[in-house]
Amino acid sequence: MSYVVLALKWRPQTFADVAGQKSVSLVLKRALETNRTGHAYLFNGPRGVGKTSMARILAKALNCEKGPTSEPCNKCDACLEITRGACMDVLEIDGASNRGIDDIRELKETVRYAPSRYRTKVTIIDEIHMLTTDAFNALLKTLEEPPSHAVFILATTEPLKIPQTIMSRCQRFDFGRLTVAQIVQHLEKICQSEEIKMDRDALTLIARRAEGGVRDALTLLDQVAASGKGPFDEKMVQALLGLSGRSLTFDLTQRISEKNIGGVLAKLDDAYQQGLNLQEIMEELIQHVRNLLFVSTDETLEGLLEATEDERIHYREQVRHFTPEDLLRILRILMDEAGRMRRSPFPRFHMELALAECATLPGTEDLARILNLLGGVESDATPTGGKRPKKDSSVHRNPAPPAGSLGEVDAPPRVRETQPAPRQEPPSAGRGEVRADDRADVPADPQGDLQTDPWGRVISQVRAQKMALATCLASCRIQSFENGELIVERKAGDLFMAQQLALPVHRRLTQDAIKDVFGPATRCRFVEGRVTPAPETPGSEAEKKMDPVRRIARLMDGEIQGPV
């Protein structure tokens, strides 16, 4: 008799044989025992976790001569024929190769007829998500109201590609990935029956490589067993399957912690010369750093690691060289480069770059020390090496100058803190200007020169949304601000400006900016300005008779020119 591979020889034949899917098995067994089986099922899950095997077991349970039963006998004609795949009343269809509307129409005609020998006609459609849209639509009515003798079992690895109209007509069961411990336990039982000598570390390596699928694990075990009688250890399995193992990742992270760039690159080159897959090494390294992060964060998270006890001890030793912040930065670098490796024709260069960058990262303590030094220079010393004066955290206001005096003209303005006192409505100012006391209540603006110019703040805010409107507002000026009403003069005789300011969109933008600066209760009204008289020429009689203080103020405002 020809050799039967382990994945077929050890295919589950009862609900209890399906590894790692106890919840699904329990629900289906209870439904069979209480005669509450449905007419359509959807089995969803990753590859190799028992979806098709569970469908066959359900078909045997429905057609067993003792049934419907939760424990098929696997001895009657129905059970044996279904096991061999030779039962006329159990149709297994590959959705990838029978995905058209004509295939589904033929299926509908076949389902209409009663079973030829047994109790129930079961239709198993694998990879149902591969059907076309027209095929799904053709299946809808039959799937919702099939004949009393028909049961549909749909299996898929990508449920998001299945229309909701199909899913709503099925009972959905989600098959989960198996843990490393579950796969190892299953492989140990098979090795004992097949007389394959293999230690637990080697089985753990195979279980990790299977990524939660029993079929993949059995295929790898079959490949190792075909190479000789054993016994097999972890190093032999690594060599036979071309796997990197945890020893390589432990070595790489150790050299990263030592900032040994040359050692990291040399170790990677050795792995490359051995023919190991760089993408798999990167994935193993990412998983390794993730485990280190868990151990460094909380000791209770060790239970989430898929590792042996010896590996857990190595994790506790190696994590002393890293902080959680270091591991987070390394993990981000590796994950970014892993995505680029899949799309690049030079994956080796990307991995070398990632490892070199990880080995040259400054530690978190070094960064903290640098930031402290920078903070000390900024806060305690001036660029010339002198000490900075201590900052006053109190809120300052510019006091109004005494009557008849100009005050300290050369004194630099003092800026208020970013959190001003609650706004109060400014008192009324004289006609044509806003008083200094009113400007002091305006919140500080990042642009510096606008913090004492409320109208400038309005223009700056409008400029961020509408440059043309800001240009028009720049030629206007505040005439008065009394009783919450702001009166603004626009240029006399400028019809275009009047039209622009009257547009509803422009009025809304202007009002919003004014309310932000002057207060939410502020009302604004634009008036046409008067013709500005010509400025006084230097040396005129009016200028000579002008009060000296007033003359200096007008010179500073640019209203007149000439010497003081």
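Let me start with a term: two strands pair if DSSP finds at least two bridges between them, and strands (E, at least two residues) and helices (H or I, at least four residues) are DSSP runs, numbered from the N terminus. Hello everyone! What we have here is a predicted model, where local features need pLDDT of at least 70, side-chain atom pairs count only at pLDDT 80 or more, and totals for chains, interfaces and linings use all residues. Residues are numbered from 1 along each chain as its sequence is written, and side-chain values use heavy atoms, with hydrogens and water left out.

Let's look at β2 (residues 90-94) and β3 (residues 121-126), which pair in the parallel sense over 5 bridges. Ile-93 stands opposite Ile-125 in β3.

On to an open sheet, where 3 strands follow the order β6-β7-β8 with mixed pairing. At the edges sit β6 (477-482) and β8 (523-528), each pairing on one side only. Strand β7 (residues 485-490) runs parallel to β8, joined by 6 bridges, and Ile-487 stands opposite Arg-525 in β8.

Now for some helices. How do the axes of α12 (residues 245-257) and α15 (residues 309-318) cross? They cross at roughly 5° and come within 12 Å; axes are lines fitted to C-alpha atoms over the stretch in contact, and angles run from 0 to 180 degrees between N-to-C directions. So α12 is roughly parallel to α15, a label for angles under 35 degrees. In contact (heavy atoms within 4.5 Å), Arg-246, Phe-250, Thr-253 and Gln-254 of α12 meet Glu-311, His-314, Tyr-315 and Gln-318 of α15. Thanks, everyone!

Notes:
Parallel < 35°, antiparallel > 145°, perpendicular 65-115°, else oblique.
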